[in-house]
Amino acid sequence: MNGKVMILDHPLIRHKVSLIRNKDTGVKEFRELISEIATLEAYEATRDLQLEETEVETPLCKTKAETLSGKKLALVPILRAGLGMVDGVLTLIPAAKVGHIGLYRDPETLKPVKYYCKLPSDIGERQVFVLDPMLATGGSASDAIDFIKADGAKHIVLMCVIAAPEGIAAVQERHPDVDIYCAALDEKLNDHGYIVPGLGDAGDRIFGTK
Ligand code: PRP
Ligand code: URA
């Protein structure tokens, strides 16, 4: 059975996605919006975290309470564009460890090329959130998840902002155990592997490199 695919349709997310699609949205605003969308997505993507019962003493009396239990968390942004989501997720889970995987798509083959990988040494014991705003062919996300699994991680969630149907299908085929959260499911890929309507090149728009 495939993992779940959650298209997050909260009005705040939908509004912010419309703003990042706009070609006239500048670097500063684009960066802020990606971070805000990541925070809102993280709220949903952490809904299944386990809790344990504890006790707390309020100024009035002792009472039952709940705190997070279970696996510790790790974030793994796919460079470059995934970096734009890190701070937004850390806003909600500030103690998460952060690994990095560097991949770029070969413009001819559209296949991902790895140039960097540094993961927390205990990633095998952590629940891992892979961050990348764009899920296009799905090659980059699938390879990144391969690297993370090779280090022993078993519970992996993919958080992206805009996904193409082709990307979702590719990740589900290679990693049926991985849940996918995205803010919008777009129509298709064009001949250059860009998501349509999409938002263009996420890395260039976050870092102002175009
Ligand atoms: C973009 C994006 C994803 C990848 C998605 O990165 O951030 O990592 O493309 O495409 P895929 O699903 O077809 O693999 P890019 O290769 O442009 O690198 P960058 O983030 O450094 O700009
Ligand atoms: N990478 C991007 O940044 N945008 C796309 O539409 C596809 C891949």
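A residue counts as buried here when its relative accessible area is under 20%, as exposed when that area is over 50%, and as partly exposed in between (1.4 Å probe, protein chains only). This is a predicted model, where local features need pLDDT of at least 70, side-chain atom pairs count only at pLDDT 80 or more, and totals for chains, interfaces and linings use all residues. Residues are numbered from 1 along each chain as its sequence is written, chains are lettered from A and ligands numbered from 1 in the order in which they are written, and side-chain values use heavy atoms, with hydrogens and water left out.

Let's start with helix H4, residues 139-150; helices (H or I, at least four residues) and strands (E, at least two) are DSSP runs, numbered from the N terminus. In H4, the buried residues are Gly 139, Ser 140, Ala 141, Ser 142, Asp 143, Ala 144, Ile 145 and Ile 148. The helix has 12 residues and reaches 16 Å from first C-alpha to last, close to the expected 16 Å, taken as 1.5 Å times one less than the number of residues. Just after H4, Gly 152 takes a positive phi of about 100°.

Asp 132 puts a polar side-chain atom 2.5 Å from an oxygen of ligand 1, while Ala 81 has a backbone N or O atom 3.1 Å from a ligand oxygen. In total, 16 residues surround the ligand (a heavy atom within 4 Å), and the closest are Arg 105, Asp 132, Thr 137, Gly 138 and Ser 140.

Now for strand E10, residues 155-159, where 4 of the 5 residues are buried. Strands pair if DSSP finds at least two bridges between them. E10 runs parallel to E8 (residues 126-131) over 5 bridges, with Gln 127 opposite His 155. On E12 (residues 179-182), also parallel, 3 bridges join up with E10, and Met 159 has Tyr 181 as its bridge partner.

Met 159 turns up again in the largest nonpolar core, which has 37 residues; Met 159 and Val 161 have the most contacts inside it. Such a core is a set of buried Ala, Val, Leu, Ile, Met, Phe, Trp, Tyr and Cys residues joined through side-chain atoms within 4.5 Å. H2 gives this core its largest share, 7 residues. Apart from it lies another core, of 24 residues, among them Ile 78, Ile 101, Val 130 and Ala 163.

Notes: A polar contact is a pair of N or O atoms within 3.5 Å; within protein, one must be able to donate a hydrogen and the other to accept it, and residues adjacent in sequence count only if both atoms are side-chain atoms.
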